[in-house]
Amino acid sequence: MDNVLCNTATSYIDLLNYYTGEHFTVNQLTEYDTTKVLPKQYSKLAAGLWNWPVLYKHVQPLTDSQQYIKRLCDNTDIEVYVISISHPDVMKSKSDFIRREYPFIQNVILIDSNNYKCKQLLNFDCLVDDNPTNLVGGLYQKILLSYYWNKSFNTSFNGIVRCNDWGEIYNEIMRILKAKQGVLNLVN
């Protein structure tokens with residue numbers, strides 16, 4: 001959920017700059033693990049910020065995400081779930097953000113785990129994520145939302161579709177739905 005529904009990375013960088021006096025930018029986050037790309041003296045802060053509830057107090061929905069997700073939620077052939085693996089300290093802040101900005105999403109699952117491989121256990125038709133690790137190995141259709149930290153990831157090799165925004169994500173999900181319905185029509 002972090003960077004699929006909202007601009008968490010922007011809020012993260014703003015907080016990091018506030019506490020360090022530095023002038024980092026989001027495009028410097030070229031790895032999902034921010035401790036690998038930020039100066040070592042900020043490693044503890046860089047890792048810990050993701051677990052601070054205040055991070056989700058200032059996030060904004062991604063451009064057009066609300067309108068496209070609403071369209072998906074309104075489609076009777078689609079069930080939309082938000083799945084997020086989180087530290088327990090941020091679950092309420094994340095949930096509050098989702099309920100406030102995406103009130104039409106009925107299914108929200110926040111998982112308290114350090115095991116980021118648990119998304120591969122999900123039984124969905126499609127998963128949209130910004131972390132390629134969450135997509136590799138799953139038995140669902142995979143959509144990677146492009147960011148600085150996943151630009152070098154080889155989506156073709158891993159059977160993943162890369163999308164740049166929610167318009168592209170929506171179109172890909174509708175393509176997947178249409179293909180699934182076509183197969184069901186052939187079987188029936």
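Which unit do E1, helix H5 and E2 make, and of which hand? I looked this up in what is a predicted model, and found that E1, H5 (residues 91-101) and E2 make a β-α-β unit that is right-handed.

I then turned to the strands of that unit: strand E1, residues 81-86, pairs with strand E2, residues 107-112, in the parallel sense, and 6 bridges join the two. For Ile85 I noted Ile111 as the bridge partner in E2.

Next I looked up the open sheet, in which 3 strands lie in the order E3-E4-E5 with parallel pairing. Its edge strands are E3 (126-129) and E5 (161-163), each of which pairs on one side only, and from one strand to the next the twist averages 25°. Between E3 and E4 I found parallel pairing over 4 bridges, with Leu127 standing opposite Lys142 in E4. Helix H6 packs on this sheet and touches E3, E4 and E5, while its direction makes about 175° with that of E4.

My last entry concerns the nonpolar cores. The largest has 43 residues, and those touching the most other members are Leu5, Tyr12, Ile69, Tyr102, Trp166 and Ile169. Among the elements that give two or more residues to this core are helix H1 (2-5), helix H4 (65-74), H5 and strand E4 (141-145), but the largest share, 6 residues, comes from H6.

Terms used. Residues are numbered from 1 along each chain as its sequence is written. This is a predicted model: local features need pLDDT of at least 70, side-chain atom pairs count only at pLDDT 80 or more; totals for chains, interfaces and linings use all residues. Side-chain values use heavy atoms; hydrogens and water are left out. Two strands pair if DSSP finds at least two bridges between them. A crossover is right-handed if, with the strands pointing away from the viewer, the path from the first strand over the helix to the second runs clockwise. A nonpolar core is a set of buried Ala, Val, Leu, Ile, Met, Phe, Trp, Tyr and Cys residues joined through side-chain atoms within 4.5 Å. Buried means under 20% relative accessible area, exposed over 50%, partly exposed in between (1.4 Å probe, protein chains only). Axes are lines fitted to C-alpha atoms, for helices over the stretch in contact, and angles run from 0 to 180 degrees between N-to-C directions. Contact means heavy atoms within 4.5 Å.
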